Amino acid sequence: MTHADYGYGLWGLALVNAAVFILFAFSFFKPATRRDWRSFGAFSAFIVALFAEMYGFPLTIFLLSGWLQSHFPGVDWWSHDAGHILEMMFGWRINPHFGPFHIASFVLIGVGFWLISIAWTALHTSQRKHELAMTGVYARVRHPQYVGFILVMLGFLLQWPTLLTLAMFPVLVVMYIRLAKHEERYALATYGDSYRQYMAHVPAFFPSLRWKREIAGLAFTGNARMASHQTDGPVSEGSREHDNMLPGG
């Protein structure tokens, strides 16, 4: 493109941004099994596809350029700011970085990475004690890291929606749900009633308002019963979204 306001072709910037987000996520997720690597690889592909369009080539705008230009003729769709498609379509033409969708995306991305971070901290602490992680964020949801990854992707979709990432998002959500169910089957086989009690009181992905009194008693009995099932050595969540998974499970 030779358009004066063409804001793309910055492949070095696309590479740096993708690498930063992928390495940050890897530092907390630490995939170990094939299943883990598949899910993390799919998340990485989502990030690469996102930044390739954000800074490299705007494939979505190219494919939809005719429709966009006819319905929103006042927008220069080849400028970089126009990549914030939702802001443009809903009339926020001043500075899309301060638009409602962009601000909401920052909140979702920030909360997502915060969940991934604090979940790993709680998980690592419990693993060193050879206990089930049932306190902190794990007292609210059983799979906070997966929730975090989903929030991060949803935030990026609000900020910079593309046809490819929109198609990838539901596939990734299904992948994380299936991975969570696989890990829970392993936890039930390993910890039995302790984990079954935990599942009965704590939802998988959406936090419940009723939890404090119930989880207090559960943490005591669950960890006491778990001792007879715990194997030697620390539990490796790298892989594991949840603390109750053993290496190679």
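Predicted model: local features only at pLDDT ≥ 70, side-chain atom pairs only at ≥ 80, totals over all residues.
**Entry 1: H1 beside H2**

I started with helix H1, residues 11–29, and helix H2, residues 34–56. I looked up how their axes lie and found that the axes of H1 and H2 come within 8 Å and cross at roughly 155°. Angles over 145 degrees count as roughly antiparallel, so H1 is roughly antiparallel to H2. I noted the crossing of H1 and H2 as right-handed.

Next I listed who touches whom. H1 brings Trp11, Leu13, Ala14, Asn17, Ala18, Phe21, Ile22, Ala25, Phe26 and Phe29 to this contact. On the H2 side I found, among them, Trp37, Phe40, Phe43, Ile47, Val48, Phe51 and Tyr55. Sorted by class, the contact of H1 with H2 holds 17 nonpolar, 4 polar and 1 charged residues.

**Entry 2: H1 beside H6**

I then turned to the pairing of H1 with helix H6, residues 144–159. Their axes are 12 Å apart, and the packing angle is about 170°. That angle makes H1 roughly antiparallel to H6. The crossing of H1 and H6 is right-handed.

Which residues make the contact between H1 and H6? I wrote down Phe21, Ala25, Phe28 and Phe29 from H1, and Gln145, Tyr146, Phe149 and Phe156 from H6.

**Entry 3: H2 beside H7**

My next pair was H2 and helix H7, residues 163–191. Here the angle is about 160° and the axes lie 10 Å apart. H2 and H7 are therefore roughly antiparallel to each other. I recorded a left-handed crossing where H2 passes H7.

From H2, the contact takes in Arg35, Asp36, Arg38, Ser39, Ala42, Phe43, Ala45, Phe46, Ala49, Leu50 and Glu53. From H7 I noted Leu164, Thr165, Met168, Leu172, Met175, Tyr176, Leu179, His182 and Glu183. The class count for H2 with H7 came to 12 nonpolar, 3 polar and 5 charged residues.

**Entry 4: the largest pocket**

Which elements give two or more residues to the lining of the largest pocket? I found H2 and H7, the pair from my previous entry. The largest pocket holds about 150 Å³ of space, and its lining is Arg35, Arg38, Ser39, Val174, Met175, Arg178 and Leu179. H7 gives the most to this lining, with 4 residues. By class I got 3 nonpolar, 1 polar and 3 charged for the lining of the largest pocket.

**Entry 5: the cavity**

How many cavities of 30 Å³ or more does a search of the whole structure find? I noted 1. About 50 Å³ of space lies in the largest cavity. Glu53, Pro58, Thr60, Ile61, Gly83, Ile85, Trp160, Pro161 and Thr162 line the largest cavity. That lining divides into 5 nonpolar, 3 polar and 1 charged residues.

Conventions: Residues numbered from 1 in each chain as written. Heavy atoms only, no water. Axes fitted to C-alpha atoms, helices over the stretch in contact; angles between N-to-C directions. Parallel < 35°, antiparallel > 145°, perpendicular 65-115°, else oblique. Left-handed = near helix turned anticlockwise from the far one by under 90°. Contact = heavy atoms within 4.5 Å. Nonpolar A, V, L, I, M, F, W, Y, C, P; charged D, E, K, R; others polar. 1 Å grid on protein atoms, 1.4 Å probe; cavity = no way out; pocket = protein on both sides within 12 Å on 5 of 7 lines; lining within 4 Å. Points joined across faces, edges and corners; volume = space filled by probe spheres on them.
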